[in-house]
Amino acid sequence: METRFKTLREFPLDEYLSPGATMCAGCGGMIVLRIFHKALGGNVVIVNAAGCLTLLQVYPYTPLKSSWMYTAFASAPAGAQGIRDALDILMEKGKLPQGEDLKVVVLTGDGAAYDIGLQSSSGAIERGLDFYYLVYDNEAYGNTGFQRSGATPFGSSTTTTPPTNLNPAGYSGMKKDLFEIWRSHNPPYLATIAPSHVVDMLRKIETASGFRGPKLFISLSPCPTGWGFDPSETIKLSRLAVECGVWPLKEAVYGKVRHTVVPKVLKPVEEYLRRQNRYAHLFTPTRQEEAINFIQEKVNEYWLKVSATEGHEVIKPINLAEKQTE
Amino acid sequence: MRDVEMMTGNTAAAWAARLADVDYIPAYPITPQTEIIETLAKWINEGVMKAKLVQLESEHSMLTAAGTASLAGARVFTSTSSQGLLYGFEMLYNIAGWRAPMVLVNVSRAVAAPITLEPDHNDVLSARDSGFMQFHAERCQDVLDLVLMAYRVSEDRRVMLPSIVNMDGFYLSFTREPVGLLDKEEVAEFLPPYSHPQAFKARRHVVKGPAVIGGHLYTFFKHNIHESITRAAQVFDEAAEKFQSITGRKLEAVEGFLLDDAEYVLVITNSFTTTAKRAVVKLREKGVPAGLAKVVMLRPFPAKIIVEKLKNRKAVAVFDQNISQGFGGIIYSETAAALYHVKNRPETLLSVVGGLGGKFTTLEEFEYVFSLLANPDKVGAGKPLFLFRKDELRDVERAMKLAGVEGEM
Amino acid sequence: MNLKSIYPPHGIRIYWGPMLRIRFHGRGGQGVKTSSRILGRAAFLAGFLAQDSPIYGAERRGAPVVAFTRISDSVILERGFIFNPHIVVVMDESLIGDWLARPLEGLLRGGVALINTAQAGAPLEVSDSHVVVRLNITDEALKIIGRPVISAPAAASAAKITGLIRKKQVLEATVEELTELGLAEETVEKNLRLVSEVYDMTPHHSIKINEEPSRSLEVVDLRSDRVVFSDILEVGNAYLRKTGNWRVFTPVVDYGRCTGCMVCYVYCPDSAVKLDPDKKPVIDYENCKGCLICVLECPMRAITFVREAKAYA
């Protein structure tokens with residue numbers, strides 16, 4: 001498909017978010033929302049579930065120049081359904097001019113998308129609702145102080161999975177694969193994105209807009225406050241997540257998967273983990289070799305599978321520990 | 001279609017939605033409400049009704065979609081029962097707070113556990129603090145009339161709040177009786193088209209449901225809902241007057257039955273009112289000055305009217321088909337509060353709890369309640385009286401024995 | 001030591017003893033809540049009744065936040081916001097001019113404003129209305145801990161100004177609070193050194209206030225006679241919040257090196273980088289929160305940063 005986004009030179013200059021939002025400095029979710037909105041244009045209504053970005057709107061302020069509807073934690077996709085259906089039937093009945101139509105966008109964090117709102121999003125996708133869904137995934141319940149969510153990866157410390165002697169690794173379960181859950185509904189368009197990879201993101205939104213039906217985006221959202229890194233490193237962390245293979249950038253058109261950014265050589269996951277306090281317990285006071293290796297192995301396995309099915313060649317990283325013993 | 005047709009309460013609700021030319025019906029099945037959405041789905045698919053019906057994945061989602069669609073400018077109808085209302089409960093407060101003037105029909109069904117199918121009013125009364133108006137039906141005709149009334153009152157720019165129209169499961173939902181319809185012109189005369197002053201549209205963007213941090217802002221908006229819903233009583237009266245001029249049918253917030261010279265009065269809601277009326281007639285035949293006050297509008301609570309209807313009576317009983325555990329009847333407490341400042345209030349105010357889980361309340365039981373009013377000394381003041389018959393208790397004991405539960409009651 | 005030595009008993013107070021009210025102002029992430037808790041616990045350890053509480057708002061790391069400590073030798077019959085503090089602790093001097101934070105508002109006559117400032121001059125200034133204590137706590141923290149973590153030393157400083165709490169009690173409270181937060185032993189140790197240092201450098205001062213504040217009350221009728229939606233129609237108005245006051249470090253563009261590649265513009269989370277006609281960045285300092293993503297991402301290294309230093313006017 002022909003794209004108008006080849007480099008940052010084509011980055012859209014229209015601005016749909018004013019400054020002055022009360023999100024943390026360096027919020028990854030804000031970067032994604034701002035760019036996402038630029039790609040969609042201004043005629044948008046964003047339907048939101050409880051999460052950090054709910055507090056974009058604190059009466060009487062809003063940074064948005066578009067419309068917004070806060071619904072509830074569990075049912076933003078249903079809220080989108082109501083608005084989409086209402087606009088459709090009102091236009092069909094001649095009660096609303098076509099020019100008044102809005103693109104309907106669901107915006108939630110991972111708590112809503114992976115956990116409490118999973119039923120609602122499943123329903124909306126299955127019904128073929130014509131909408132965009134943008135998940136800003138910071139891998140925990142950030143708005144309430146960083147508790148474990150269904151998106152929390154193995155080894156992450158959260159306030160409800162604190163690393164202790166009894167539980168040295170922090171969270172011992174695995175991150176839920178929302179991409180695959182959603183893909184099983186066979187939506188026309190589904191992609192992962194990352195704030196560091198802007199051109200990739202713009203192209204995907206552009207591709208998605210050619211489809212009618214659910215257009216789903218899961219964005220990594222590095223979170224300086226919850227993950228424990230300096231706010232200036234948000235983009236750096238996002239880039240590392242992609243380069244280490246922790247956050248694969250991919251899309252699925254009617255279920256057919258294609259990876260859009262394939263690292264030639266995977267950087268060791270340690271480079272990504274080390275920069276975040278949520279993984280600090282894996283390195284100090286004693287290095288938890290097993291846990292770190294487990295994370296690396298899972299990443300290697302993933303990319304081996306991708307190599308086999310898509311034919312990319314990905315070289316797995318040299319195990320640093322092995323290197324040291326050589 | 002005849003002007004008057006045999007129909008169930010559920011069909012009457014569906015007809016009301018059809019007559020109101022609703023745009024959008026988010027739906028989810030639950031007994032005993034399901035027939036409403038089935039009827040509407042059939043009409044829409046046959047092309048006799050132009051609306052969009054979408055089956056959601058839960059009542060929580062259903063109510064969310066109902067609220068947001070209403071804010072996008074669609075006239076919205078939906079219905080549920082019991083567990084469904086409770087599953088979507090969070091959204092009731094939201095919809096009222098959003099000022100989305102949709103109409104919800106609740107087909108009353110007692111709330112689990114134990115799970116059951118037949119009605120009482122704990123489901124609908126749980127919503128009484130939410131900001132929804134509540135109109136309760138005695139007959140299938142009321143269902144149709146009150147839904148149309150609800151749209152007019154809800155959408156009034158002085159109100160802009162949602163409504164619940166309640167009917168009892170089984171006793172109305174599956175019971176057929178003649179129901180009079182309105183023709184298109186009559187509906188048009190009664191119910192102006194719906195528009196929302198700040199609906200979602202491209203020309204003017206709007207943020208709805210923003211967070212409000214600070215109790216003073218929150219209180220201000222909550223007070224505004226209270227003020228608006230209180231104002232709705234007046235709007236209801238205006239609408240009822242118009243409705244009567246068109247259909248000849250009189251709707252009242254509180255309807256009196258043989259009340260004018262009554263000394264002993266029963267306060268009641270919903271479908272058991274019919275049987276209670278029969279008891280009043282029977283007592284009148286015996287020369288007992290009995291009367292009845294049926295509360296149709298539960299929210300806004302018509303305290304003033306209730307006071308007018310109950311002052312100077314000898315004794316009043318409030319029949320509650322609900323139980324506030326640890327207290328007693330809900331409508332009893334509201335009635336008592338309304339009467340507190342009245343000098344010539346009735347000396348006896350008896351709380352009667354009956355009909356839980358649809359437990360049949362017989363004519364004789366209502367007569368018994370009136371007999372207690374005539375002999376108030378027999379009544380424990382302030383203590384709810386549970387109507388329960390001996391034959392029913394025997395049946396319970398038999399069932400417990402079969403269930404393997406030892407011991408005598 | 002007893003509050004009554006400060007408040008000579010006069011009149012009859014049956015239910016309510018004298019009380020010290022301390023209000024902490026800082027930014028989310030600066031440990032305002034922890035500070036109020038260390039002070040609260042220190043007072044508790046010193047034998048007083050104490051109460052500490054934060055206020056949770058919509059604001060995030062970097063935004064102005066407040067917390068409170070009340071100290072009394074008798075039962076505390078108050079909760080929540082402190083409108084008329086005896087001491088305000090301003091953990092970030094840039095808050096002084098902030099119209100939302102207004103840290104000095106309601107400070108009682110004769111009360112103390114304890115200000116953490118990069119430009120600490122004479123530590124004690126007495127005016128007609130109140131006493132100003134200026135300390136450079138951040139620099140001490142940078143020296144000892146290497147990061148601007150100031151919750152414990154700010155509490156220490158406030159504790160000394162109350163005239164009621166000894167250093168020993170502050171140290172003990174610091175250990176307990178920071179350990180509870182899960183801080184490493186080594187970090188706690190450093191904090192103790194810092195607490196000790198800052199306690200010592202805080203001037204002696206005894207608060208003498210006999211004023212029992214009362215707020216005037218005018219009750220209004222809320223009737224509006226119309227439906228009021230809680231909608232926002234003035235979209236895009238959040239720039240009025242001026243989140244520039246969150247900033248600790250300020251990005252500065254060297255236009256000589258800037259090639260107009262737009263990277264800073266693309267990655268700014270807050271739309272605080274605008275573009276001039278040559279696509280060169282113009283930073284909106286009224287709103288830039290100082291995350292410094294632009295500094296790190298600029299491929300030409302054309303953006304540097306300086307420490308925000310707003311003088312207390």
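# Two helices of chain C and the contacts around them

The crossing of helix 5 and helix 6 of chain C is right-handed. The model is a predicted one.

Visitor: Why is helix 5 of chain C called roughly antiparallel to helix 6 of chain C?
Guide: Helix 5 (residues 167-180) and helix 6 (residues 185-201) of chain C pack at an angle of about 150°. Angles over 145 degrees count as roughly antiparallel. Helix 5 of chain C is therefore roughly antiparallel to helix 6 of chain C. Their axes are 10 Å apart.

Visitor: What makes the contact between helix 5 and helix 6 of chain C?
Guide: From helix 5 of chain C come Lys167(C), Val170(C), Leu171(C), Thr174(C), Val175(C), Leu178(C) and Thr179(C). Helix 6 of chain C gives Val188(C), Asn191(C), Leu192(C), Val195(C), Ser196(C) and Tyr199(C). Two residues are in contact if their C-beta atoms lie within 7 Å.

Visitor: How do the residues of that contact divide by class?
Guide: Eight are nonpolar, four polar and one charged. Val, Leu and Tyr count as nonpolar, and Lys as charged.

Visitor: What is known of chain C as a whole?
Guide: Chain C has eight helices and 11 strands. Of its 313 residues, 47% count as buried. A residue is called buried if 20 or more other C-beta atoms lie within 10 Å of its own. Among contacts in chain C between residues at least 6 apart in sequence, 68% join residues at least 24 apart.

Visitor: Which domains is chain C divided into, and how many residues join them in contact?
Guide: Chain C is divided into domain 1 (3-201) and domain 2 (238-307). Six residues of domain 1 of chain C are in contact with four residues of domain 2 of chain C. On the domain 1 side, two residues are nonpolar, two polar and two charged.

Visitor: How many residues of chain C are in contact with chain B?
Guide: 13 residues of chain C are in contact with 19 residues of chain B. The chain C side holds eight nonpolar, three polar and two charged residues.

Visitor: Which element gives the largest share of the side of chain B that touches chain A?
Guide: The contact takes 38 residues from chain B and 40 residues from chain A. Among the elements that give two or more residues to the chain B side are strand 2 (24-27), helix 3 (59-71) and helix 5 (89-98) of chain B. The largest share, eight residues, comes from helix 3 of chain B. By class, the chain B side has 20 nonpolar, 10 polar and eight charged residues.

Definitions and conventions:
Residues are numbered from 1 along each chain as its sequence is written. Chains are lettered from A and ligands numbered from 1 in the order in which they are written. This is a predicted model: local features need pLDDT of at least 70, side-chain atom pairs count only at pLDDT 80 or more; totals for chains, interfaces and linings use all residues. Helices (H or I, at least four residues) and strands (E, at least two) are DSSP runs, numbered from the N terminus. A residue is buried if 20 or more other C-beta atoms lie within 10 Å of its own, exposed if 12 or fewer, and partly exposed in between; C-beta atoms are placed from the backbone. Domain bounds come from an automatic or database domain assignment. Axes are lines fitted to C-alpha atoms, for helices over the stretch in contact, and angles run from 0 to 180 degrees between N-to-C directions. Angles under 35 degrees count as roughly parallel, over 145 as roughly antiparallel, 65 to 115 as roughly perpendicular and the rest as oblique. A crossing is left-handed if the near helix is turned anticlockwise from the far one by less than a right angle, and right-handed if clockwise.
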